[in-house]
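I opened this structure to look up a few things and keep notes on them. The entries below follow the order in which I looked.

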There are 2 protein chains.
Amino acid sequence: MEDVASRAGVSRALVSLVMRDSPRVSEHSRAAVLEAAEELGYRRNLMAHHLASHRTMTIGLVLNDLHNPFFAEMTDGIHEAALKAGYRIVINTGLRDLASEKAAIDTFLEFRTDGVILVGTELSEAELESLASETNLVVAARVTASDSYDTVSIDDRLGAQMIVDHLADLGHCRIAHIDGGPGAGARKRRKGYKAAMEQRGLSEHVRIVAGEYSEHAGTVGVDKLLSDGEMPTAIFAANDLMATGVLNRLQFEGLNVPEDVSLVGFDNTAMAALHQMSLTTVDQPCELLGKLAARYLIERLEEEREEAVHHLLVPSLVCRSTSGPVSSRTLDEIR
Amino acid sequence: MEDVASRAGVSRALVSLVMRDSPRVSEHSRAAVLEAAEELGYRRNLMAHHLASHRTMTIGLVLNDLHNPFFAEMTDGIHEAALKAGYRIVINTGLRDLASEKAAIDTFLEFRTDGVILVGTELSEAELESLASETNLVVAARVTASDSYDTVSIDDRLGAQMIVDHLADLGHCRIAHIDGGPGAGARKRRKGYKAAMEQRGLSEHVRIVAGEYSEHAGTVGVDKLLSDGEMPTAIFAANDLMATGVLNRLQFEGLNVPEDVSLVGFDNTAMAALHQMSLTTVDQPCELLGKLAARYLIERLEEEREEAVHHLLVPSLVCRSTSGPVSSRTLDEIR
DNA sequence: AGGAGTTGTTAGAGCGCTCTATTGATGTAG
DNA sequence: CTACATCAATAGAGCGCTCTAACAACTCCT
């Protein structure tokens with residue numbers, strides 16, 4: 001910066017002003033500085049910039065799982081909204097694993113990004129609370145009642161209920177749920193499933209298989225369902241990624257979907273819409289969620305608001321071809 | 001740091017040593033400092049750290065497209081190798097768009113990450129060259145002959161040739177290629193396709209439709225193929241993501257795969273292996289590629305090597321169910 | 001003409017850390 | 001008992017920037 005200043009024949013402070021697009025610089029000086037900077041290939045040092053200004057104009061984004069297209073779609077929305085407000089984003093992945101997620105967050109804390117958006121976090125509420133005391137925080141795709149950070153999500157519980165209602169309407173009673181384990185929103189989906197089953201008078205058919213938000217968990221889940229007890233006529237997979245694994249395994253086992261077993265996912269990722277999948281699922285307006293998350297964080301950063309916001313969006317069911325009326329055949333006949 | 005120092009009853013410099021795990025600190029002082037830091041919730045400021053040390057122990061990773069599972073798989077490999085060497089990674093996305101990619105890179109340059117890995121970059125060779133003069137650079141999934149940065153990739157040209165050979169062996173002559181446009185490796189795949197067609201005496205059947213590495217491009221590509229001229233009996237899509245769109249559209253148009261049209265993709269992403277897709281494709285050992293990329297960058301960072309490395313891996317064909325012998329029916333009969 | 005404002009520019013302190021050189025304190029050999 | 005290492009700890013400069021306060025140089029108004 002010193003070099004640029006002397007080459008442009010001005011002071012270091014003025015170069016700093018030009019770099020920050022200050023309006024209180026004459027056109028003449030501005031041009032001279034920009035030219036000198038260009039010639040020297042000068043690029044400002046964000047580290048030093050931050051150290052002096054305490055701002056980086058950067059948002060840290062922690063995605064739970066890069067393999068799940070849901071997160072890519074959320075990112076689009078966040079990216080767009082952030083850019084529009086003059087912020088840039090930096091991403092890190094939690095690898096669907098608590099320790100890695102914490103490491104990812106630590107990186108951003110050490111980098112001192114202006115704020116952090118956690119998409120699909122697996123952190124406990126206590127951990128979120130303590131994180132919120134260190135930085136500006138928005139949690140997406142998960143709901144809490146905290147008043148120190150914002151949350152943006154769809155109503156997972158309601159989504160699960162819609163699924164059960166849909167399947168029950170088609171005549172299904174033996175509706176099983178492979179759950180999302182520690183995944184964000186998984187508990188609410190599980191609860192919604194249970195509540196809806198009870199409401200429909202299907203309490204005795206409640207059957208929950210432990211899983212997680214991955215394709216592999218779908219495969220394993222089907223194996224478990226096949227190996228012990230009566231096979232359900234419908235499966236509610238905790239998310240689309242898992243549903244992919246379920247569908248794969250069912251077909252591998254010679255079961256037809258939806259003739260023999262109906263299947264419903266959750267998230268409505270681009271994957272689900274594919275002709276080959278054509279998965280019945282619950283839609284999450286990813287881009288909108290992303291935009292809202294970014295917007296709420298930016299409101300915090302610009303100190304336009306003190307109290308926490310908890311924005312809950314209403315999901316909608318997308319019926320495709322993996323769900324159909326209950327079959328009259330039993331599993332034994334099928335085999 | 002000052003606070004931690006006074007609380008622990010030592011100097012600021014000693015706290016710094018403890019934070020950097022220096023061996024020249026007595027156990028007693030170390031314990032005292034760590035305790036004080038813990039109590040005060042101290043977290044070192046990476047910005048200041050870098051400013052003074054010129055190191056961040058961080059690698060910037062630019063992924064061309066978050067929606068393409070190929071990049072998620074590469075990331076796994078990079079992440080693992082980086083962590084093992086004590087580096088952390090920070091990700092940014094190019095949104096499959098040159099301007100965004102440049103913005104992503106700029107962020108890392110301003111953050112002064114120790115080095116940058118570009119996965120599937122669309123930058124020109126001149127731009128890559130100039131970037132390499134600013135930071136330590138490794139380019140993955142693309143090949144150049146530069147001697148100022150390393151590249152790690154499979155042999156795209158060979159992969160394309162394997163596809164054409166496979167299809168030609170099945171009796172196909174009218175093999176069309178929907179290309180990857182500005183995408184990394186797309187030119188090589190296009191060239192390999194052309195060369196192989198000529199080698200097989202199928203020059204007159206060479207047909208290239210302009211596309212890009214996206215699902216949508218596959219849909220559009222099929223429409224183009226259907227609307228003008230004779231429909232090919234086989235399609236080589238520039239990557240798996242595009243192949244998904246192609247498959248989708250073909251089925252929508254009532255064409256059976258592989259009975260009416262054979263289809264081959266490229267990348268062998270997890271998606272391609274799904275029972276519902278079962279896509280014939282060319283395998284890229286993503287994790288290995290990622291690991292190599294990280295390793296080469298780290299070698300550069302630790303200044304173990306001066307000259308550039310260009311590592312080219314041999315691809316392999318994975319035959320699944322979207323490719324089969326040429327059909328005797330013509331398109332008119334099908335319709 | 002003199003005070004008040006406005007505009008463009010600058011000096012210099014300070015952000016939170018590392019790093020070099022230095023100082024004591026302790027041990028070890030001549 | 002002195003000379004020389006070795007080890008633990010520290011002072012103080014400096015990394016590249018921003019920010020406050022101050023300063024010229026104008027313009028405007030009474």
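**Entry 1, conventions.** I note that this is a predicted model, in which local features need pLDDT of at least 70, side-chain atom pairs count only at pLDDT 80 or more, and totals for chains, interfaces and linings use all residues. Residues are numbered from 1 along each chain as its sequence is written, while chains are lettered from A and ligands numbered from 1 in the order in which they are written.

**Entry 2, the two copies.** I looked up how chain B relates to chain A. Two copies of a chain are related by a rotation about an axis and a shift along it.

I found 25 residues around DNA strand D, the closest being A:Met1, A:Ser16, A:Ala48, A:Ala52 and B:Ser11. A residue is near the strand if its C-beta atom, placed from the backbone, lies within 6 Å of it. Two or more residues come from each of helix 2 (12-19) and helix 4 (46-53) of chain A, and from each of helix 2 (12-19), helix 3 (27-40) and helix 4 of chain B. Helices (H or I, at least four residues) and strands (E, at least two) are DSSP runs, numbered from the N terminus. Helix 4 of chain A gives the largest share of this surface, five residues.

I checked the peptide bond from A:Val257 to A:Pro258 and found it cis, with omega near 5 degrees. A:Pro258 sits in the loop between helix 11 (240-252) and strand 9 (262-264) of chain A. The bond from B:Val257 to B:Pro258 is also cis, with omega near 5 degrees.

A:Ser278 lies in the loop between helix 12 (270-273) and strand 10 (281-283) of chain A. In chain B, phi of B:His54 is near 65 degrees, and B:His54 is in the loop between helix 4 (46-53) and strand 1 (58-63).
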